[in-house]
Amino acid sequence: MSLVSRATSRVRYAVQIRGLATPAASSSTRSNFLKALDDGPGLDDFISGSSERVVLGNVTAQRLPSFLKTSIPSGSSFKKIKSDLRGLGLHTVCEEARCPNIGECWSSKDGEGRSSATATIMLMGDTCTRGCRFCAVKTSRTPPPLDPHEPEHTAEAISRWGLGYIVLTSVDRDDLVDGGAHHFAETIMKIKQKAPHILVEALTGDFAGSMEHVSLVAKSGLDVYAHNIETVEELSPYVRDRRASFRTSLRVLEQAKKEGVRVTKTSIMLGVGEAKEQVLDALRELRKADVDVVTFGQYMRPTKRHMKVDRYVEPAEFEEWKRIAEDMGFLYVASGPLVRSSYKAGEFFIENVLRGKGAEKQTKRLVTQAVSNANIESVRLSEP
């Protein structure tokens, strides 16, 4: 190739390269940009708040109502319980399920001592074999094996705390032949051996519908047998794991009562799409099963991976459900946005009933006052 041809090629290549670059800004463009900066808001505008507000994030999603906001947990009793749990390798549903009442339940008020605090111990690990659409507990088909020392460690921790009432629950363990019923029963018996004065509530799964295993736990020495129906029958297949069912849950509660358990208990979430008549039907079925205690609470979405909240139920509607359920003959009803199946005020009432302290009306008055004070505190904390 001649020198002239080479020079011509280099020029063409240079032109092509230059064509791919951003052209230099003209003087008029630069002037327009500087003018736009001068005409825009300055630092004083942002400080004074006179500039237009910019809203970030999803502004179409439902906002959390003020009555569902709680304070950050703290206090010596809270720290003591948390320290003991970590030291013994125990889990609580309060933490795993992100319960909004953890600060209230784990703490005690001045002058009450730790006997007023409550906690819900979660047995058999922190991994469930089921995947309910509302639950924050992690799931796996093959969770780790049971800790054979857990019943002893649990009893030791509970006896240390000086509590008057304790709730035991567990993940579902469909990978075990007995669903973990023997492990559950052993834990209750060890607690009663170490601290017979403590009242024990067992919030169990359905043990895959095995009434034999339900009976085993019911006869272990517990004081309250709890099993949650979670929602109305029509929504159960969509809200709960498909291996759970409304009718199986009713049979579990019936079987516990047949075995002589003094108090049976269940819980219903509102705000998942239920209709009023469906809730009424569920309450009628629970009364047929001779269930004593029912609680109503607001479903709160743990993460974006879980089912959405259909609606936030107003406190007035919770009060209405409380009145309806009481009129139907339930021994006790706890109903409110922040109420959960293991609820401190409800446990206070049940403890007094089981220990035979005072008249039922007096106990109900004290519990109503406690719930009212908690609601007032919740509203106060949510105010700006």
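What do the buried residues of H9 pack against? In this predicted model, where residues are numbered from 1 along each chain as its sequence is written, local features need pLDDT of at least 70, side-chain atom pairs count only at pLDDT 80 or more, and totals for chains, interfaces and linings use all residues. Side-chain values use heavy atoms, with hydrogens and water left out. As for the question, the buried residues of H9 pack against H8, strand E6 (199–203), strand E7 (224–226) and H11. Those buried residues are His-213, Val-214, Ser-215, Val-217 and Ala-218, buried meaning under 20% relative accessible area, exposed over 50% and partly exposed in between (1.4 Å probe, protein chains only).

First, the overall picture. The protein chain has 15 helices and 10 strands; these are DSSP runs numbered from the N terminus, with helices (H or I) of at least four residues and strands (E) of at least two. Of the 384 residues in the protein chain, 46% are buried. The chain exposes about 20,500 Å², and carbon and sulfur atoms supply 53% of that; the areas come from the Shrake-Rupley method with a 1.4 Å probe, and for residues only the protein chains shown count as cover. Taking contacts (heavy atoms within 4.5 Å) with a separation of 6 or more, 74% are between residues 24 or more positions apart.

Back to H9, starting with its H8 side. The axes of helix H8 (residues 181–194) and helix H9 (residues 211–218) come within 8 Å and cross at roughly 10°. H8 is therefore roughly parallel to H9. Here, axes are lines fitted to C-alpha atoms, for helices over the stretch in contact, and angles run from 0 to 180 degrees between N-to-C directions; under 35 degrees counts as roughly parallel, over 145 as roughly antiparallel, 65 to 115 as roughly perpendicular and the rest as oblique. On the H8 side, Ala-181, His-182, Phe-184, Ala-185 and Ile-188 meet His-213, Leu-216 and Val-217 of H9. Sorted by class, this contact has 6 nonpolar, 2 polar and no charged residues, where Ala, Val, Leu, Ile, Met, Phe, Trp, Tyr, Cys and Pro count as nonpolar, Asp, Glu, Lys and Arg as charged, and the others, Gly among them, as polar.

Leu-216 of helix H9 is partly exposed, at a relative accessible area of 27%. Neighbours within four places in sequence aside, Leu-216 touches Ala-181, His-182 and Ala-185.

H9 packs with helix H11 (residues 246–258) at an angle of about 45°, the axes being 9 Å apart, so the two helices H9 and H11 are oblique to each other. Met-211, Val-214, Ser-215 and Ala-218 of H9 make the contact with Arg-251, Val-252, Gln-255 and Ala-256 of H11. These residues divide into 5 nonpolar, 2 polar and 1 charged.

Met-124, in the loop between strand E2 (120–123) and strand E3 (127–128), has a positive phi near 65° without being a glycine, and counts as buried at 3% relative accessibility. Glu-230, in the loop between E7 and helix H10 (236–239), is not a glycine either and has a positive phi of about 70°. Glu-230 is buried, with a relative accessible area of 16%.
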